[in-house]
Amino acid sequence: MAVIKAQDLVSKVKDIAQKYKTVYCWGSFGFPITSYNIDRLSKNYPSIYNIAKKEELKKLIGEKYFAFDCVGLIKGVLWGFNGDLNKANGGTVYCSNGVSDIDCNTMFDLCSGKTSDFSSVIPGEFLWMQGHIGVYIGDGLAVEATASWNNKVMITAVGNMGSVSGYKTRSWTKHGKCPYVDYSDEITSEKTSSSVATVKECNNIYISEGIAAIRKSATTSENNIKGRCVNKKYYTASQIIKPSGSNQEWFRHADSGYYSALTDYDGTKLFTLYGTYKKGISNATVKVRASASLSGAEIDTLDKGTPVYLTGKTAVSDNVDWVQVVYDGGLCWCAKLWIDC
């Protein structure tokens with residue numbers, strides 16, 4: 001019986017990774033770090049929580065930390081974790097919602113559609129390797145509680161789909177759909193988002209606020225990823241698209257024709273509107289420079305007939321009129337004489 005929608009599961013595990021102080025502790029599912037809970041863990045797992053480990057955890061008392069292990073992160077969310085520091089279990093209700101207290105391998109055994117083909121994975125699916133489990137959150141990323149790196153709940157890259165700059169990478173063995181999670185919204189979005197859509201023409205410039213994927217179509221299917229946007233870089237849009245059956249808006253990249261989502265499916269903003277552009281075209285070979293000066297560093301040379309995207313800002317230097325353009329994710333400059341617009 002499903003107890004949570006896939007998009008809500010993804011939102012909750014991302015919140016735990018990004019908004020809470022966490023520490024990896026075997027046998028935990030959202031406990032606040034208190035003397036009572038440290039003693040409880042020590043009693044249940046004396047070989048793990050020895051004197052040295054207990055002293056290490058005691059340093060976190062009063063610092064608003066919550067403890068999870070890998071499957072405990074999942075069980076904690078399914079049992080209703082809400083970050084309540086005043087409750088022994090952080091707001092979870094043990095073995096509630098028909099979800100038993102099972103280990104990670106048993107949890108994955110319950111999943112359907114288990115496969116090692118990661119081109120078909122959708123957000124909310126469980127990722128598994130022997131003795132470890134995590135949750136896929138989209139765009140090649142997962143949330144896992146792990147002692148491998150920073151000893152906490154963290155967002156990591158799914159190595160089966162490629163590395164992501166700024167994230168540790170783990171390759172998993174299989175993924176599958178958990179019976180406690182409702183994937184109907186995700187599947188509907190995959191099937192319908194490319195069929196009927198509201199499309200508006202635009203000339204927007206966006207600043208990336210994260211690592212949104214660049215896709216061949218305005219869908220969350222993982223096999224259509226062409227690349228990734230770079231944080232704090234500039235991107236030009238020619239259209240805004242709202243696919244039918246999706247809660248996301250997308251934009252079409254003016255230079256490539258590919259697509260990126262403006263927001264994640266949980267509402268997280270992936271881009272900020274910077275301004276608008278005017279499209280021009282080079283009327284000769286023209287240099288793209290880092291600054292409005294003949295001595296400015298040369299970024300690239302554009303051939304005649306290359307589209308350029310002007311921000312509207314101008315400058316005069318070295319007796320030359322310059323126009324600012326968006327190029328390769330940056331704000332650069334070209335001599336106005338060689339741009340028709």
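Which residue just after α4 takes a positive phi of about 95 degrees? Good morning; I shall return to that after a brief overview.

The structure before you is a predicted model, in which local features need pLDDT of at least 70 and side-chain atom pairs count only at pLDDT 80 or more, while totals for chains, interfaces and linings use all residues. Residues are numbered from 1 along each chain as its sequence is written, and side-chain values use heavy atoms, with hydrogens and water left out.

Let us begin with the whole protein. Its secondary structure comes to six helices and 27 strands; helices (H or I, at least four residues) and strands (E, at least two) are DSSP runs, numbered from the N terminus. The C-alpha atoms fill a box of roughly 80 × 45 × 30 Å, taken along the principal axes. Of the 341 residues, 48% are buried. Here buried means under 20% relative accessible area, exposed means over 50%, and partly exposed lies in between, with a 1.4 Å probe and protein chains only. Contact means heavy atoms within 4.5 Å. Among contacts with a separation of 6 or more, 60% join residues 24 or more positions apart.

Now to the opening question. Helix α4 covers residues 70-78, and nine of its nine residues are buried. Among them are Cys-70, Leu-73, Lys-75 and Leu-78. Just after α4 comes the answer: Gly-80, with its positive phi of about 95 degrees.

Ser-28 lies in the loop between β2 (21-24) and β3 (29-32). Is Ser-28 buried or exposed? Ser-28 counts as buried because its relative accessibility is 0%. Leaving aside neighbours within four places in sequence, Ser-28 is in contact with Leu-41, Tyr-49, Ala-67, Phe-68, Asp-69 and Gly-72.

A contrasting loop residue is Gly-267, placed between β19 (259-261) and β20 (271-276). Gly-267 is exposed, with a relative accessible area of 52%.

That brings us to the aromatic rings. A search of the whole structure finds 16 aromatic pairs. Rings of Phe, Tyr and Trp (its six-membered ring) pair if their centres lie within 6.5 Å; planes under 30 degrees apart count as stacked, over 60 as edge-to-face and the rest as tilted. Tyr-234 and Tyr-274 form an edge-to-face pair, 5.1 Å centre to centre with 80 degrees between the planes. Tyr-234 lies in strand β17 (residues 234-243) and Tyr-274 in strand β20, so the pair ties together parts that are 40 residues apart in sequence. Tyr-234 is buried at 19% relative accessible area, whereas Tyr-274 is partly exposed at 30%. Tyr-235 and Phe-271 also form an edge-to-face pair, at 6.2 Å centre to centre and 85 degrees between the planes. Tyr-235 lies in β17 and Phe-271 in β20, so this pair ties together parts 36 residues apart in sequence. Tyr-235 counts as buried at 13% relative accessibility, and Phe-271 is buried at 4%.

Finally, how many residues line the largest cavity? There are 15, of which Asp-139, Arg-215, Thr-220, Gln-248 and Ala-261 lie nearest its centre. A cavity is a set of points on a 1 Å grid over the protein atoms alone where a 1.4 Å probe fits but cannot get out, and lining residues have an atom within 4 Å of a point. Thank you for your attention.

How values were computed
1 Å grid on protein atoms, 1.4 Å probe; cavity = no way out; pocket = protein on both sides within 12 Å on 5 of 7 lines; lining within 4 Å.
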